[in-house]
Amino acid sequence: MGSLTESCAFVIFGASGDLAKRKIYPTLWLLCRDNSIPKDTVFFGYARSDLTKDQVRERCSPFMKVSSEDQDSYEDFWRRNLYLRGSYDKRSDFETLNELINKTVGPGANRLFYLAVLPTVFESVTSNLKGCCMAGEEEGAWTRIVIEKPFGKDSESSDKLSRHVASLFPEEELFRIDHYLGKEMVQNLMLVR
Ligand SMILES: NC(=O)c1ccc[n+]([C@@H]2O[C@H](COP(=O)([O-])OP(=O)(O)OC[C@H]3O[C@@H](n4cnc5c(N)ncnc54)[C@H](OP(=O)(O)O)[C@@H]3O)[C@@H](O)[C@H]2O)c1
């Protein structure tokens, strides 16, 4: 990706939510366990709820697959996690997030922002990210924005969202995720087999 650094801030917006506890944290843990994420990555959970990191950990616990020999590695995973309470629409909260990232992984670290939030806040979160939280390009670091489906509720709202994010980020910085895309087709393939 053209980056000079391996350090990365991985920020999960909506860290208090269902998707985060069922899918995102468990997947990040497995990737860390398998050394598929650079060791210098720090995970920042972000949401409006007044939580601690330990409370986030507790919520995720039923969905984490941890064998007895993985215990040390699991503790290490949570040591690399932080939680920050903040709104999705106040610039000052994103400035605080930026300061925390700078303090923790440095301004030259790569940054990945995962929006596990409701589509109603996509626009304010992406605008504030652009305004306050981008990686320092002069240091060769990259920024990536990951948006969960649904990308709007009809073609009009989808176009509006697309125009909004396109006005902020080049396409190569944007990733759209649909966990269920092709799910039925894959299930049918299993049946055919
Ligand atoms: N759950 C899944 O398996 C799944 C699968 C595919 C796609 N998705 C998509 O992923 C996104 C998140 O899903 P989710 O199931 O995690 O949703 P969720 O649990 O209902 O909400 C995620 C977080 O959003 C915040 N929130 C709740 N109501 C809000 C409001 N009115 N305004 C602003 N923030 C609000 C809450 O955090 P705070 O109040 O703490 O900020 C909540 O923890 C959604 O767009 C959903 O469609 C979910």
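**Asn35.** I looked up Asn35 and found it exposed, because its relative accessibility is 55%. (Buried means under 20% relative accessible area, exposed over 50%, partly exposed in between, with a 1.4 Å probe and protein chains only.) Asn35 sits in the loop between helix H1 (18–33) and strand S2 (41–47). (Helices, H or I with at least four residues, and strands, E with at least two, are DSSP runs numbered from the N terminus.) Its phi is positive, about 55°, although Asn35 is not a glycine.

**Ground rules.** I'm reading a predicted model, where local features need pLDDT of at least 70, side-chain atom pairs count only at pLDDT 80 or more, and totals for chains, interfaces and linings use all residues. Residues are numbered from 1 along each chain as its sequence is written, and side-chain values use heavy atoms, with hydrogens and water left out.

**Asp18.** Next I went to Asp18, which belongs to helix H1. Is Asp18 buried, exposed or partly exposed? It counts as partly exposed, because its relative accessibility is 44%. I found a polar contact of 2.7 Å between the side chains of Asp18 and Arg22. (A polar contact is a pair of N or O atoms within 3.5 Å; within protein, one must be able to donate a hydrogen and the other to accept it, and residues adjacent in sequence count only if both atoms are side-chain atoms.) I also checked Asp18 against Val117: they are 99 residues apart along the chain, and their C-alpha atoms are separated by 9.7 Å.

**The ligand.** Val117 came up again here, with a backbone N or O atom 3.1 Å from an oxygen atom of the ligand. For Arg48, a backbone N or O atom lies 2.8 Å from a ligand oxygen. A polar backbone atom of Gly17 is 3.1 Å from an oxygen atom of the ligand. Taken alone the ligand exposes 870 Å², and the protein buries 72% of that. (These areas come from the Shrake-Rupley method with a 1.4 Å probe.) How many residues surround the ligand? I get 18, and the closest are Ser16, Leu19, Arg48, Ser49 and Tyr88. (A residue is near a molecule if one of its heavy atoms lies within 4 Å of it.)

**Phe77.** This one is in helix H3 (residues 71–79). Phe77 counts as buried, because its relative accessibility is 1%. Leaving aside neighbours within four places in sequence, I listed its contacts: Tyr25, Leu28, Trp29, Cys32, Phe43 and Met64. (Contact means heavy atoms within 4.5 Å.) Leu28 is 49 residues from Phe77 along the chain, with 8.8 Å between the C-alpha atoms.

**Helix H5.** In H5 (residues 122–132), I noted Phe122, Val125, Thr126, Asn128, Leu129 and Cys132 as buried. Seen down the axis of H5, these buried residues fall within an arc of 165°, so they line one face of the helix. What covers the buried residues of H5? The cover includes S1, helix H4 (91–105), strand S4 (110–115), strand S5 (143–148) and helix H6 (155–168).

**Pro150.** Last, I looked at the loop between S5 and H6, where Pro150 is found. The peptide bond joining Lys149 and Pro150 is cis, with omega about 5°.

Notes
Accessible areas come from the Shrake-Rupley method with a 1.4 Å probe; for residues, only the protein chains shown count as cover. The arc is that of the directions from the helix axis to the C-beta atoms.
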